[in-house]
Amino acid sequence: MRKFGIYKKGLAVIMAFALTNFGCQKFLDVNPLYTQDAENFFETPVDYQRALTGVYDLLQSSFITVWIGEIASDNSIAGGESVTDTEGLHEIDEMGHDAVNQELRNVFRWNYAGITRANYLLENQNKIDFDGKDKIIAQARFLRAYFYFELVKYFGDVPLIVDKRLGADEVTTVDRTPKAQVYAQIESDLKYAADILGWDAAIKGEVTKGASLSLLGKVYLYQDKFDKAADVLDQVINQGRYALFNDYKSLFFVANENNAETVFDVEYSGAEGGSYGCLICLEGNAAPGFHGIRQYNGPVYGDGNSYNLPTQNLYDAFDATDIRRDATCLDIDAFIAKQPNSGNIKYAKGAGGHSGFYNNKYIKRQGEIGLPDNDLTSPVNYRVIRYADVLLMSAEAHARSNSPDYSKALGYLNQVRNRVNMPALSSTGNQLIEDIWNERRLELSGEGHRFFDLVRTGKAADAISGFVVGKHELFPIPRVEIDLAGGTWKQNNNY
Amino acid sequence: MKGVGFYLLLKLQKANLEMKLNSSKIILGVTLASIAFFLPKVSLAQTESSDTAEKIDEVVVVGYGTAKKKEFTGANSALKGESLEKLNLPRLDQALQGQIAGVTINTNSGSPGGGSSIRIRGLSTFGDNDPLIIVDGVIYDSEGLNALNPNDIASVNVLKDATAGIYGVRAANGVIIIETKKGKKNQKPQIEISGYSGMQQTARKMDLLNATEYAVLKNEMFANGGQSMPFNNTLLGTGTSWQDSVFQTAPIQNYNISLQGGTDRTTYSIGGSYFKQDGIVGLDKASFERWNGRVNLNTSLSPKWRLNSVLLYTHEQRSALPENGIGSVLYNTINAFPTDPIRDDQGNYTYLEEVADIINPLAQMANSYNWSKVYKFVGKEELSYSFMDNLTFTNRLNYNLAWVNDKTFSPLVWYGPGKAQNTALNENLDPTLVEIAPGVEIERGAAVYEGRSSFFDVNFESFVNYEKKIGVLHNVKAMLGTSIFSRDGENLSGTAYNIPNNSVDYADISANLAQGGYLNNTGSWQFQERLVSLFLRTEYSYANKYFLSAIVRRDGSSKFGPNSRYGTFPSISGSWVINEEKFYTYSSLPYLKMRLSYGVSGNDQIQNFAYRGLLNGEGVYVFNDIITSGVAIGRAANPDLKWETTGQLNWGLDFGWKNGVNLTMNYFRKSTKDLLFQPDVSGLLGTAGAGSYPPIINAGNVLNQGIELEASYSKRFRNGFYTTVALNGTWLTNVVQKVPEGVDFIPGAGFGVGGNVATRFQEGFPIGYFVGYRTAGVWQTQEEIDNSPVKQAGAKPGDLKYTDINGDGVINFSDDSDKEMIGSPIPDFTFGFNFNISYKGFDLSANMFAAIGQEIIRNYERQQPYANMLTSKIERWTGPNSTNSNPRLTTELTRNTVFSDFYVEDGSFLRLRNLQVGYTLNPLTAKKIGLTGLRIYVAANNLLTITNYQGFDPDIGSFGGALGAGVDYGFYPQARNIMLGFSIKL
């Protein structure tokens, strides 16, 4: 009897085990608290707005285009602390870049991160309906177009993914899409954005119809579709709401942001610090701090990391009376010599190179420092498209059109020159086109456009030493990206 | 405690005991000599007794049960509490270093309260390599080891092989089972008071340039770079020794009191302790203080019911300085210029202006304020019921409750123009202005951060132990159990600005004066984890000769998604006690056992919810000049995510000689598969945005293989001498066998500022091996450069000459083709040596540890024109044939600062970790003064280190995960201590 009792108890124990264990399946179903899952989002209009903010975030990678667009060209050298300080830029500087280059990889990945975030929103665009949804969709499509355009400028053919996120297994099934198809998508996105968006931004920082048309015009220009480019750019000009800011020298100051010349800006704030370990995480513009004067202790400017230093060649390209010369290239020794107590003002030459000049547009100025690390972040917005650029693009489109309108082109060109008190030009035909191209350099240097302009206009080989025709028009697809996508993509020519 | 708290100040700095010798050879010599000496053949006359028998009957805790050493089928190493206590080390992990074969412990920081990395049988994973630590049955974080008082520990048992599989999904990194002190039955209450007090100093300072040497070398450097020489006068004397000001003599003290005893039904052990250590850098700015309380109660409620209750309480308080990184106090100290004073004529800290990111380390220490407080209760209530003598049912509730409070005060500071660490606008300490809305600016003053976190683990376990003898020869044991575990954590934190008067006296959120609270911000997080397990162990033995044990455990973990939430982990082990065989006749070797085990265990140590895609990425943009938060996908989802599995084979032999020598040998082969990785994925997946990450996937294999030896010897001689000697050694190789598809390697730590990747996880190489250029001396002449078959772009005479690894005739700086393995942070061989001898009340003990064959990256040098340098730079290249090892000094653009073996040093070392001399009063004499026992001693830690390494301390762990090992940023060194201690038994 007693023995039986023990076995009964023993059995009860085993039953208890079985119950605790198998009754506990539910116990393991723990859900993350107070966090939204990617799959149960887009339930309210606010969800859409917040996802859109996530797409905008990637615009803040603009500093890399300011670097590469200048350093790859005849405008700037890489600079920095040493030749291994952001090595990828030094390689690009010397046209020695190949498919292993961290900066080019950043360009590739950051733009696809923006595209993925836009696609995540667009994938869910039909989940609910509400007033103003079309404006959110339009902005997302604009941003996607912008990111694709960046990729096409750098790499040519790139995989085109639209309105869906790619699963990890699908990566190896996609190939590079011919550039023309990517451009078609870009145009369609921008046309949609231009149709939906108004000329005024509801909130400062949002993209507008003017931005959409101007970017569309630029996209046409890059494809030599001059008539279409002239058409959309003239819409922007004729709207009459944009104008050139009168003082070129202070155009890039924080105090003069979002003025009438602003067509499309990337917005930054200096109120949140960050770390060198994650430049893409910054809310401030990294470029001014990196462009800053190395270990400088004098007035007007802050100190920085001596990147992206203008060349003598650029300085000499300006007429001595052109105020844009000193507004673009800061002749550091001359500047210091003019200051009171100049003997006490010091700065250091980085071992990554020294040209005697600093980028005076995007540079760390006192009063525009970021917090808490003023070297790293800056509130200075990046001017992606200025009205001066719109005028010059339109001028070029009219001058290169099959049915050119040289007088209109000349008029736009002289508007730009007039703002900086440079004498009007009167050229026509090919000379006018050359003048427009030259004016683009004088007007837009230091802003990340030069290399792509040189390539687009077939002038890169003449201007850039080491430039190999048939190779350097495009950057190589980062090799690791080819490998990670299954190794089947064809590399760009001659890399 | 003033009566006994005497400080002994020894001028150790002057009597510098450092030796620089060819360490590898010496250590090998020492090892061989020691092994030879203690080989069993050496007959020691006059022996009386041997401890072999005692040793093999020792009972060890093996997880949900105990086993006699003789019967245990797995590979373990057990240590008694006394051997840890004797080392006088603040942390258990420090005390374990060099004591157990196969367990490598490296100090991650020598700062008070700093941690260690504990690696059982090598690095097996890319992620978390920490073993599972169980204190009296309660799961304990390795980070939480600060809370344990080494004096409270009765025994430590390390399960190294597959028998650890009784802990299933968390056992792959090995298991450390710690038991705290318990009372003995029928023992009168015994009170013991013990303590020590001492002083600490740095064991070493680096050889840095003095002001004169600095000025001369910098002049040469600038002249070589075509720049004007910065020093007109180089006769500057010795200048400032920043190290002398930064390193200080700091006190350390520890006191314990305990009461233990028992009746025939109840045993108890109650204790309390206090420990305090100030830092040799920063004193109270880098200090650690700990109070412990402990109650162990074991009682028979009735003949069948037993209650076992444990409660450990800890309160810790820690302050720390920025350490182990670019910008840390010691990094700044190493690079600060000897030509600048610490303070200027007005008494203000100097700015060290010439290098933007080097700040005055003394100013930095003065402005660092942080405190972290931990309150922790760990315990269990265990109720067991014996149905019969051989069938016991145990239920227990374990808990671990911790509150962690942090506070950091950031005053407005100004370290000099352009310094990144400045928080003020200018040297007047004016606050910066922040635009909070268009056109509205407010001041941003001193800030205080406060965080409150709580963690609560509950673990309910039930298990039945059954044992049955069948006939005379057969014995069967079985254990069936279940466990449910939950862990919850919560945090609330806030930062408040504009603390009054820029003063630490008001460093509390409540004191903030921020206008409208605009700048103040808050944060929080929370998590939950769950684990459900069922486990079974069956053991069979025949005639005390053959032992067989099988374990199977099934775990369900909330870390993984529904697709792969459950895993089953089996293992099997057996042993053969050969000396029990009839044919065995070697009487000089009365104990000989062979063991074999194989099993599979898991590792689930990854972030929660890694299988799901959450919207916790960073999607932030600036609208209307205000930073505006949106959403973005965080880590990409992987619903099929599962744990890593480690299959481990162990083959071992145990010997016990009659003359008192015991020897244990193990060979192991530990293969880890399905490593939990977060590798690079294609950019097309869009995971490169801020706060977005690639999915965690299972990919990659790692193999660790090695041989472990543990030998001990103890003897009591007739003339009153008693000696014990323990030696252990581990040979280990580590190799990555597979990395995820499409990935060549996983990059690890960087070298220099913004520089190259120096460490990697790559197939065919050890985890975290160093990759860079291999030097072949220094280019001596232009002619040599011109005539060289290998073209090195930009090379000038005096530059480092690199080896053309791929043989294409060019040194390729723009890709990896000329880089190769130039070092590994993993030692080939580690060695521990413990020695005790006592004679008529006097005792002497020593503990040594050596690690051989690992390398260290010298990454504490700021490669800037004005940064200070090691004196080894005096031997720089100055002209043809001046030297073939050190490059020229120049400010000009060179490739000498790319990562090469020039920056890799041999990190081998042998360290005398503890040396102690004590005297125990004769019990009869003690009785006369009313005591049961009294011992006093003098002890020294880290008295001697033999190494060629130039940095502060070669015993460096990792500050950045598996791939950050062996990178020295100016490591906070372990102190050299001299202590006086006592122990009184009332």
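Reader: What do the buried residues of α9(A) pack against?

Author: The buried residues of α9(A) pack against α8 (209-222) and α14 (387-400) of chain A; contact means that C-beta atoms, placed from the backbone, lie within 7 Å. This is a predicted model, in which local features need pLDDT of at least 70, side-chain atom pairs count only at pLDDT 80 or more, and totals for chains, interfaces and linings use all residues. Residues are numbered from 1 along each chain as its sequence is written, while chains are lettered from A and ligands numbered from 1 in the order in which they are written.

Reader: Which residues of α9(A) are called buried?

Author: They are A:Phe226, A:Ala229, A:Ala230, A:Val232, A:Leu233, A:Val236 and A:Ile237. A residue is buried if 20 or more other C-beta atoms, placed from the backbone, lie within 10 Å of its own.

Reader: What makes residues 226-239 of chain A a helix, and what span is expected?

Author: Helices are DSSP runs (H or I, at least four residues), numbered from the N terminus, and α9 of chain A has 14 residues. The expected span is 1.5 Å times one less than the number of residues; α9 reaches 20 Å from its first C-alpha to its last, close to the 20 Å expected.

Reader: Why do β14(B) and β15(B) count as paired?

Author: Two strands (DSSP runs of E, at least two residues) pair if DSSP finds at least two bridges between them. Because 13 bridges join β14 (residues 283-300) to β15 (residues 305-318), they pair, running antiparallel. They form a hairpin with 4 residues between them.

Technical notes:
Buried ≥ 20, exposed ≤ 12 C-beta atoms within 10 Å, placed from the backbone. Contact = placed C-beta atoms within 7 Å.
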